[in-house]
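Me: I would like to go through this model and ask what stands behind some of the terms used for it.

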Amino acid sequence: MSENQDWSNLCADLLRPIIESLSTIDYHRAKKVCSDWYSVWKTCVKRPLYPWQFIYHDDSSSLFDPGEDKIYNTKLFGVLDKSYYMASFGNCLLMVDSRLQFYIVNMLTCERINLPSMETSICGGQVRFKRSGDEWGYFVESYRKERVSKDIFGSERSAVLWINERTGDYFVAWIFNKLELFTHKKGDDYWWNWYTRGANLGFLDLAYKNSKLYLYTSDDHIKIVDFSGDYPKEEVEKNPYWDHPFEYVSKQCEYIWKRRIVIQKTGEVLIILSLLEKLFKETHLFYIFKMNLESNKWERVDSIGDDEMLIFGHGVTLRAPVQEVGDGIKSGSICFVEDDLFCLNISFPSNWGVFDLATSRIKWFKRTQWKTQWFVVGFA
C-alpha cells in the first residue's frame, strides 16, 4: 500500500467495520476525523450512552467506563495546570484556572476554547474582577469587594455548560456566592452579569436547554431567561412556574443538604432534593418534585421520566441505557459524587455512587484517591 494512502477515501463498506471494532473512546474520536468519516460513523452500530467517571488530580487523569469496567489512563493536554472542574456536557469540560480564566476542553480531541477574560469584559452590572498577585482576586464594585477563591469549584459549585460539537456553538453560566450570575455564549466577546444584591434574592442553581436558562432562586421560584436573541430576555408570561414557588416542609428527621433543578426531555422542570434521614439509622435519599400544571402545585413524584436518568447537578435528564450498566446505571437512577451528600461527620464507603429511585438504595463504586466527576461520552 502506498505511504500516501488517503484514509479519508476509504470506501464506506471497508471503513464501517474498522470504526465498529474500535474502543469506545476511539469510536467517538473517529467521527471527528473528517466529514467523510462522520458520514460513515452515523451508519455504524451505535454504542449505548451512559455516564462515565472522569478521575483527575493535578496533571494526571483517567476515564472509567462502568459498562466495560475499564479504566482509560490519559493525559488531557488541553487542561492547564492549577485548573478546576466546573461543569461538563458530552465530551467537554468547563474548567477555570487560578486566574479566573475559564475555558472549555474536549476530552477526546483535547481541543480547547478560551473564554473572554473576566478582568476586562463584564457587561450588564457594575462589577469587575481584579486579580490579586498570580492567583485568584476580587470582584470589585464602588462600595464592596468580595474575595474569589478556589471555593467556587467546591461543594457549592453551580455552573452549566452546553455545547454543540458539530457547529461549535456553546453557552456557559456560573453562580458566584449565590448573588452573582455570569453568562457567556459563542459570538460574544464579554461576560454578562446578573446581580441580585438589594433585591433580597439569590441564585441556588441553574439549568440550560433549548436556548433557555432556568434559574432556581433563593425564594424557591423558577425564572426563565431566553438567550436565543442578541440579548437575554426574561420570560414571564410564558413561564408556568413564575408565580408558583416550590414548597416542601421537611420532617423532623430530615435534613436537606442540596436543592437542584433538572430539565426533562419534555421541557418540564424537576426539583431534586439531596437529604439525610435520621431514624433508626442514617439514610441518604433523593426526593424528586414536579409541578402539576393543572393544579399549579408542586408534588413529589417517583419517576425521573420515561426511560430517563440523571447526574445530580448537571441540569438535564439523560436517556437511560436499554440494559442496566455497571450494576446500577439504569432508568430511574441518579449518579452522584461525595459532595452531593450530607457529609457532616459521616464517612462514606466511596466518593461516588448511584441512587436507585425505585428502591432508595445506593450502589457504591470502588473509592478513588482522586477527585471524580460524572460525564457522558458521546452525549450531545
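Me: What is the volume of the largest cavity in this model?
Reply: In this predicted model, the largest cavity has a volume of about 250 Å³. The whole structure holds four cavities of 30 Å³ or more.

Me: What makes a space a cavity and not a pocket?
Reply: A 1.4 Å probe fits in a cavity but cannot get out, whereas a pocket is an open set.

Me: Which residues lie nearest the centre of the largest cavity, and how many line it?
Reply: The lining has 25 residues, and Met86, Arg157, Phe312, Gly313 and His314 lie nearest the centre. Strand β4 (83–89) is among the elements that give two or more residues, as are β12 (159–163), β20 (254–263), β26 (333–337) and β29 (371–376). The largest share, four residues, is from β4.

Me: How is the lining of the largest cavity divided by class?
Reply: There are 12 nonpolar, seven polar and six charged residues in that lining.

Me: What makes β16 and β17 a pair?
Reply: Pairing needs at least two bridges; six join β16 to β17 (residues 212–217), so the two strands count as paired, and they run antiparallel. Within β17, Thr217 is the bridge partner of Phe203.

Me: Why are β16 and β19 placed at the edges?
Reply: The open sheet has four strands in the order β16-β17-β18-β19, with antiparallel pairing. Strands β16 (203–209) and β19 (233–235) each have a single partner strand, so one side of each lacks a neighbour in the sheet. From one strand to the next, the twist averages 30°.

Note on methods
Residues numbered from 1 in each chain as written. Predicted model: local features only at pLDDT ≥ 70, side-chain atom pairs only at ≥ 80, totals over all residues. Heavy atoms only, no water. Axes fitted to C-alpha atoms, helices over the stretch in contact; angles between N-to-C directions. 1 Å grid on protein atoms, 1.4 Å probe; cavity = no way out; pocket = protein on both sides within 12 Å on 5 of 7 lines; lining within 4 Å. Points joined across faces, edges and corners; volume = space filled by probe spheres on them. Nonpolar A, V, L, I, M, F, W, Y, C, P; charged D, E, K, R; others polar.
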